[in-house]
Amino acid sequence: MRYEIPGTMRWNAQAYDSSFGYVSAHGAPLLDLLDPKPGERVLDLGCGTGVLTAEIAARGAHVLGIDASRAMIEAAMAKYPGLEFTVGDAHDFTVAHPYDAVFSNAALHWMSRDPDAVISCVRMALRPGGRFIAEMGGAGNCASLISAMKTAWREYGLPEPELPWYFPTPAEYALRLERGGFTVRLLEYFDRPTPLTECPNGAADWVRMFAGPLLQRVPPELVDPLLRRVNELAAPALRHESGWMADYVRLRFAAQRR
Ligand SMILES: C[S@@+](CC[C@H](N)C(=O)[O-])C[C@H]1O[C@@H](n2cnc3c(N)ncnc32)[C@H](O)[C@@H]1O
């Protein structure tokens, strides 16, 4: 595992676990939707540091975690040495033996280069009748955060940030699934305002974690003032008496391979 997958982000696995553990903590309803049975074979796509992979294993399933980030996979292997993890790109992976289910939390919107290629790989990884259970950002996800970023970038004379995410509407993603050989059994689209409990600098911390590559293109002396401006712009919508809240919108689905 001495390589990085081109075009994917370098993650700070330690900061992800310490300040953004809410991402996997919100995965409990998705685990219930997966409902893994003892002995089932489950693939966790975009597994990150493996928190949910371990929960799937704890329910008795045989699970493999795949992630494009070497740092994430190394962190997962260190935390859960008994589990199986590998570095791989969701757009281009194959498995030796088909799985009963593919699970994915908060990761499909990062696989934005070619969503149909991802769906096709998932299909190939499943046995007929196997299920694809996932949650991702949906259309409108983080709209206030993104709007604050775009405005701040513009005010500082920077080119519009090229956002790395794919946030589809329910209809758009359902169509991709249907065309990709799946039957959609359940599809939910909902707001999930999410407290940024471990982010004292609010929106700025969120941008540093999830939009790091965009900041690398900003002259270093501008990064701090730019992020302060993001906070000022985002505060009216996202800063509450109880603290910062990210305006997450989620798409959660259960689909079955035809
Ligand atoms: C927000 S994290 C979610 C991690 C984990 N599922 C969780 O619930 O904590 C998104 C993950 O998707 C992974 N990812 C992004 N693009 C990917 C790709 N093309 N193939 C595989 N994994 C990818 C990232 O490396 C990252 O670990």
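Hi everyone, let's start with Val 207, which touches Met 149, Trp 153, Gly 212, Leu 215, Leu 227 and Val 230, leaving out residues up to four places away in sequence; contact here means heavy atoms within 4.5 Å. Before going on, this is a predicted model, where local features need pLDDT of at least 70 and side-chain atom pairs count only at pLDDT 80 or more, while totals for chains, interfaces and linings use all residues. Residues are numbered from 1 along each chain as its sequence is written, and side-chain values use heavy atoms, with hydrogens and water left out.

Back to our valine. Val 207 is found in helix H9, residues 202-210; helices are DSSP runs of H or I with at least four residues, strands are runs of E with at least two, and both are numbered from the N terminus. Is Val 207 buried or exposed? Val 207 is buried, at a relative accessible area of 0% (buried is under 20%, exposed over 50%, partly exposed in between, with a 1.4 Å probe and protein chains only).

Now the ligand. It is surrounded by 20 residues, and the closest are Tyr 16, Gly 46, Asp 67, Asp 89 and Asn 105; to be near, a residue needs a heavy atom within 4 Å. The side chain of Tyr 16 places an N or O atom 2.6 Å from an oxygen atom of the ligand. Gly 46 has a backbone N or O atom 2.7 Å from a ligand nitrogen, and for a backbone N or O atom of Ala 68 the distance to a ligand nitrogen is 3.1 Å. How much of the ligand does the protein cover? The protein covers 97% of the 600 Å² of accessible area that the ligand has on its own, by the Shrake-Rupley method with a 1.4 Å probe.

Last topic, salt bridges: the structure holds 17, each being a side-chain nitrogen of Lys or Arg within 4 Å of a carboxyl oxygen of Asp or Glu. In one of them, the side chains of Arg 176 and Asp 116 meet at 2.9 Å, N to O. Arg 176 sits in helix H8 (residues 170-179) and Asp 116 in helix H6 (residues 115-125), so this pair ties together parts 60 residues apart in sequence. Arg 176 is partly exposed at 22% relative accessible area, and Asp 116 is partly exposed at 37%.

Another salt bridge joins Arg 229 and Glu 155, whose closest N and O atoms are 2.5 Å apart.

Technical notes: A polar contact is a pair of N or O atoms within 3.5 Å; within protein, one must be able to donate a hydrogen and the other to accept it, and residues adjacent in sequence count only if both atoms are side-chain atoms.
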